[in-house]
Each structure stands twice: as C-alpha cells, then as structure tokens.
Amino acid sequence: MEQGSKMSLGRNFRISRPSEERKFLMPRSQGFPELKNDTFLRAAWGEDTDYTPVWCMRQAGRYLPEFRETRAAQDFFSTCRSPEACCELTLQPLRRFPLDAAIIFSDILVVPQALGMEVTMVPGKGPSFPEPLREERDLERLRDPASVASELGYVFQAITLTRQRLAGRVPLIGFAGAPWTLMTYMIEGGSSSTMAQAKRWLYQKPQASHQLLHILTDALVPYLVGQVAAGAQALQLFESHAGHLGPQLFSQFALPYIRDVSKRVKARLQEAGLAPVPMIIFAKDGHFALEELAQAGYEVVGLDWTVAPEKARERVGKTVTLQGNLDPCALYASEEEIGRLVQQMLDDFGPQRYIANLGHGLYPDMDPEHVGAFVDAVHRHSRLLRQN
C-alpha cells in the first residue's frame with residue numbers, strides 16, 4: 001500500500017474529489033487490473049455520470065440456474081468458506097447482464113460464526129442458531145471481537161480472487177450486516193416476524209444490549225477494513241431489520257452504531273494507508289430515519305420500495321447519493337411493463353447522484369430474462385433522460 005504524505009489526504013476526503021485523485025490513491029500492491037467501468041463509483045461519490053449505474057441486491061442467487069448448479073453439492077456456509085466458489089457465484093450474474101457493480105458472495109451471519117456461535121442454514125427455513133443468546137451471561141461465550149477478522153480470512157481471499165478475475169470490468173462491493181440486524185439473529189436464533197426476543201432485550205436488558213452492539217461494532221470495523229484491503233472498492237452495510245424498531249428504539253440502539261461503523265472504518269482506512277471507498281447504508285423499512293441516515297457518514301443511502309423517490313430526495317437533500325428502489329416483485333411483470341416502471345423510477349430520482357437497484361433482493365423464482373430487462377431498461381432510459 002502507498003504510505004506517507006499522500007495518504008494524509010484521506011481525512012479531508014470529500015465526495016467531490018476528482019476521479020483522477022482517487023485513482024492515484026488506490027492501493028496497488030495486489031496488482032489489480034485497471035478499472036474499466038467506474039460509473040457506479042462515480043455516482044456513489046456524487047460525480048456526474050453518462051448514464052445511471054445499476055446493480056441488484058442478491059444478484060448472485062437462486063434465480064440463476066448456474067447458481068443452483070454450483071451450490072447443489074455444498075452446504076451453504078461451506079460455500080461461503082470456499083473462495084473459489086464465492087468468486088464463481090459473484091461472477092455468474094456479470095456473465096449474463098451488463099451490471100455496473102459486483103457484490104461478493106457471502107453472508108452477514110459469518111460474523112456471528114466468527115464470534116463463536118454455531119449457525120446452520122436449514123433448507124426451506126433459513127438460518128438457525130442452535131444455541132442463541134438468552135441471558136446476559138451468554139455474552140461471555142462470544143470470542144474477542146478483535147479476533148473476528150482473522151477468523152474471516154476466507155472472505156478476504158474470495159474478494160482478492162474475485163477482484164483479479166473481474167479483470168477491471170466493474171467495481172467489487174463488500175458488505176456486512178449492521179449491529180442491530182446481527183443482534184436480532186443471535187438472540188432470536190433465526191428469522192422472526194416480530195423480533196420479540198431481541199426487542200425484549202432492548203427493554204429489559206438495555207445495558208447488555210449495548211454491550212452486545214458494541215461487541216458487534218468492534219468486530220465489524222476491522223472486518224470491513226479488511227475487505228477493502230483485500231480489494232473491495234465499496235462497502236454496503238445492511239440494516240435489514242430496521243423496520244422492527246420505531247424511531248425511538250432505532251435512534252437508541254441502531255443509529256449510533258451505524259454512525260460508529262462508518263466513522264471508525266474511514267479512520268482505520270486512513271491509518272492503514274488505504275484509499276477511501278464509498279459506503280452505502282441500506283436500512284430496510286427505516287423510512288422514519290432517512291434524514292438521520294443521510295447524516296450518518298455514508299456516501300449512499302439505499303431505499304426500499306416503500307419510499308417515494310422524490311420525497312426521499314427532499315428529505316435527504318443533495319449531499320448524498322440515493323440507491324434503489326424498484327419493488328422486486330415488479331420483475332414478475334412483462335418486460336414491457338418493467339421498462340415503463342423503470343422509466344418512471346428514473347424520472348422520479350433524476351439523472352445524477354443516483355444508483356439504480358431494487359428495493360430489496362432478487363427472489364429465487366424470478367426469470368433471469370426479466371432481470372436482464374431491468375438492467376437494460378435502466379441503461380437505455382437513463383441515457384435518453386440525459387439527452388432531454
């Protein structure tokens with residue numbers, strides 16, 4: 001990595017930094033191929049783009065026959081621990097669609113695993129923790145959060161391998177789950193429609209809740225920094241269970257840690273002599289906290305499909321890029337209707353400071369042809385929008 005006075009620029013990094021300066025700051029020791037399409041990164045930093053970049057949450061997934069074929073013989077978390085498999089799954093959608101970013105194939109629950117909790121993926125049910133956290137003393141079972149990054153070396157290996165094999169085609173996104181979302185799984189023992197057990201902790205064990213959220217934050221910071229060191233060119237934090245909290249609980253138990261992750265990751269990147277990367281916060285159903293999220297230290301705020309683009313822009317202002325937010329179920333519509341819906345979405349968001357995406361991830365029964373129609377419609381209509 002480049003060290004010294006050049007890196008002192010990191011603390012004063014602004015969204016408006018020219019692309020050339022960022023290229024100068026990029027780490028070079030891995031010998032990564034030169035990036036050919038930086039449209040996603042430029043949009044994330046708030047720079048003008050010739051068209052609207054697009055990628056899809058869960059773009060590497062079961063809707064692709066080749067994904068199901070690759071995954072058929074392996075346990076889910078065994079796949080996550082195989083850099084070769086993760087690389088292959090990450091690249092599969094890029095072979096089909098002209099997406100503007102790749103996101104590494106992994107799972108947010110590798111962090112609780114690295115903290116010493118057993119997690120299995122049960123077919124038809126989802127993640128399962130045989131021994132979830134129930135009492136405050138259960139926190140003593142968790143490993144030192146400082147050891148998490150070393151436990152997750154397989155993720156870093158997958159990122160480096162994928163970055164090499166992308167050959168500079170598009171940027172690679174790394175990610176993690178936000179502390180509150182990880183906490184819900186660790187206490188609930190899996191998915192839940194109410195998060196009643198996790199929320200019980202917030203009301204009955206607020207001190208222990210904050211202790212757990214601090215542990216998770218301490219684990220996430222080096223993990224995310226390690227992803228950048230390994231080759232990730234952007235980071236997304238998933239607060240997937242924001243909607244289970246109202247404004248008060250969110251501001252007390254989620255937002256402070258979302259802010260802390262961003263602040264500490266940026267500081268650690270500078271200390272490590274690594275170039276800044278844009279960070280995305282996606283808080284599903286967190287529409288009640290849009291203004292706070294826009295000021296939480298992230299360059300991009302992801303929106304789910306329940307938020308009106310124009311109102312979101314009014315609320316967050318012009319200092320952040322917005323990402324989203326087509327209803328994933330819109331991809332069940334005809335290709336012609338998908339084109340119409342995309343055009344409306346692009347008109348509502350406007351041509352700049354915007355990254356097209358779905359308002360949540362792709363579902364397993366979606367037609368890949370309709371995913372392709374979505375991507376093509378974004379590129380086509382966004383170019384027309386800039387001409388008019």
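Reader: Which element supplies the largest share of the lining of the largest pocket?
Author: Happy to start there: this is a predicted model, in which local features need pLDDT of at least 70, side-chain atom pairs count only at pLDDT 80 or more, and totals for chains, interfaces and linings use all residues. Residues are numbered from 1 along each chain as its sequence is written, and side-chain values use heavy atoms, with hydrogens and water left out. α3 (65-71), β2 (120-122) and β3 each supply at least two lining residues (helices, H or I, of at least four residues and strands, E, of at least two are DSSP runs, numbered from the N terminus). The largest share, 3 residues, comes from α3.

Reader: How much space lies in the largest pocket?
Author: On a 1 Å grid over the protein atoms alone, a pocket is an open set of points with protein on both sides within 12 Å along at least five of seven lines, a cavity is a set where a 1.4 Å probe fits but cannot get out, and lining residues have an atom within 4 Å of a point. Points are joined across faces, edges and corners, and the volume is the space filled by probe spheres set on them. The lining holds 45 residues, with Arg58, Arg62, Phe76, Asp107 and Met121 nearest the centre. The space in the largest pocket is about 1400 Å³.

Reader: And how much space lies in the largest cavity?
Author: There are 3 cavities of 30 Å³ or more. Among the residues lining the largest cavity are Leu290, Leu293, Gly302, Leu303 and Asp304. Its volume is about 50 Å³.

Reader: Is Phe282 buried or exposed?
Author: Phe282 sits in strand β6 (residues 279-283). Beyond four places in sequence, it touches residues including Met57, Phe238, Gly302, Leu303, Asp304 and His360 (contact means heavy atoms within 4.5 Å). Under 20% relative accessible area is buried, over 50% exposed, and partly exposed lies in between, with a 1.4 Å probe and protein chains only. At 2% relative accessibility, Phe282 counts as buried.

Reader: How far apart in space are Phe282 and Leu293, C-alpha to C-alpha?
Author: Leu293 is one of the residues lining the largest cavity. In sequence, Phe282 and Leu293 are 11 residues apart. Their C-alpha atoms are separated by 9.0 Å.

Reader: Why do the buried residues of α15 lie on the same side of the helix?
Author: The buried residues of α15 (residues 309-316) are Pro309, Ala312, Arg313 and Val316. They lie on the same side because they cover an arc, taken from the directions from the helix axis to the C-beta atoms, of only 100°.

Reader: What do those buried residues of α15 pack against?
Author: The face turned away from the buried side carries the exposed Lys311 and Glu314. After the helix comes Gly317, with a positive phi near 80°. The packing partners of the buried residues are α14 (290-294), β8 (321-326) and α16 (335-349).
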